[in-house]
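Have the model open and follow along.

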Amino acid sequence: MTRRHGCALLAAICALIAVLSAAIYGAVSSDEGTARRAATGRPPGSSAAPASAGTWVGTWSASPAAAEPGTEITGLAGRSVRNVVHTSVGGTSARITLSNLYGRRPLTVTHASIALAADDDSAAAVPETMRRLTFRGATTVAVPAGGQVTSDAVRIAVPHDSDVLVTTYSPTSAGPVTHHPRARQISYAARGDRTDDVTGTPYTEEVPYWRHLTALDVLGDEADGTVVALGDSLTDGAGSTEGANRRWPDVLSERIRDAVADGRDVPRLSVVNQGISGNRVLHDGPGRPADNPSGLNRFARDVLGRPNVEVVVIDLGVNDILRSRRTADPDRILDGLRTLVRQAHARGIKVVGATLMPFYGHRGHTDEREAVRREINAEIRSGSVFDAVADFDEALRDPYDPRRLRADYDSGDHLHPSDRGYERMAHAIDLDDLRGAAPAPL
């Protein structure tokens, strides 16, 4: 064999090896792609696989607060639950979180959807916005007892300051139902699987609370991070107009959005509400898991667990005073608040703290409780508790009698503000205080 023939043979062998290698690699790649599609349950390019553009932030949230009475045995088997939620900021994709915190069995959801509401105070959807939600590629998900799940992201244009419908259907009983009472918002339920219904006609049951749904996040460029409002009924919006979104976190969101639109140099942040009526810093409610978990108990989930949190505004302490059988210990309450601050700082989150508003005239008022409130407020104003202070007390108290709310800021029960009072609370927060990171630990 000549050298030329030998070289030709060697080249042919190399070419054959290259062809075989390419074929094997292509087969393996094909199998991996098939395996990925089998694992996710969707082909590439599905609407459930949005392009990564922008920042994930919370646009709405509600803390799981209790087990819904009357749902212990059957839960909501065979019914579609349509929650109505209001957005803080908009985005191009969305995802939801479902909670089964108070359930004793797994909650099987076989169908879930998201759509924009067609109108205020309505269960009807804008037809072209209806999207089916998936969980790790599947339409069915089992939410474990005591746990929660987050859906896959889905492409949907969600505007800011709008109502969104999130609907779930479960064919089996799983109780008790995890819910957030005192929502100040009407949601709906219907018999059968009406998850994709856009008319709203089957949704004849109206309820004043949210079921299972605890968060709606969006991907977009309207916000660079999230502000969490952590509080009690004063943050939950008790006494405000139902369905009008006039809680102070709602108004704070509007202030931020208007300031950005006016070209002001303010932080571009979404606002989510993690208020629970009756909530305390130190003590849980009854039950296992506890109804109305304390601020200390739920801080990791409701603040640290939210996406891209930059700031938390804490307004807690009034119920620790009002619900104490004896005179509450201000030092213990302040120690609890400082514990929350340390946890936030460990994650680089800035903390704005609110002074406690007056409640003279409320059935729980006593001179001893008033003294505790003032002592706590003095410590908060001294700057030894929080990074910045929102002086709700000074903003809403009667200048002629600082023990009570100003009359036009009072909803009538001498504890909870009116719509105008909640607006004043939001304006008591300096938007510049929402800027910057937590102080570096010494």
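The buried residues of α4 are covered by elements including β17 (225-231), β18 (269-275), β19 (309-315) and α6, where helices (H or I, at least four residues) and strands (E, at least two) are DSSP runs numbered from the N terminus. Those buried residues are G295, R298, F299, D302, V303 and L304, buried being under 20% relative accessible area with a 1.4 Å probe and protein chains only.

This is a predicted model, in which local features need pLDDT of at least 70 and side-chain atom pairs count only at pLDDT 80 or more, while totals for chains, interfaces and linings use all residues. Residues are numbered from 1 along each chain as its sequence is written, and side-chain values use heavy atoms, with hydrogens and water left out.

Now to the helix partner. The axes of α4 (residues 295-304) and α6 (residues 330-346), lines fitted to C-alpha atoms over the stretch in contact, come within 10 Å and cross at roughly 25 degrees. The two helices are therefore roughly parallel, a label for angles under 35 degrees. On the α4 side, G295, L296, F299 and L304 meet G336, T339, L340, Q343 and A344 of α6, contact meaning heavy atoms within 4.5 Å.

Turning to the strands, β19 is mostly covered, with six of its seven residues buried. Its pairings, which require at least two DSSP bridges between strands, are these:

| Strand pair | Sense | Bridges |
|---|---|---|
| β17 and β19 | parallel | six bridges |
| β19 and β20 (residues 350-354) | parallel | four bridges |

Within β19, V311 is the bridge partner of V227, and V311 also stands opposite K350 in β20.

Conventions:
Axes are lines fitted to C-alpha atoms, for helices over the stretch in contact, and angles run from 0 to 180 degrees between N-to-C directions. Angles under 35 degrees count as roughly parallel, over 145 as roughly antiparallel, 65 to 115 as roughly perpendicular and the rest as oblique. Buried means under 20% relative accessible area, exposed over 50%, partly exposed in between (1.4 Å probe, protein chains only).
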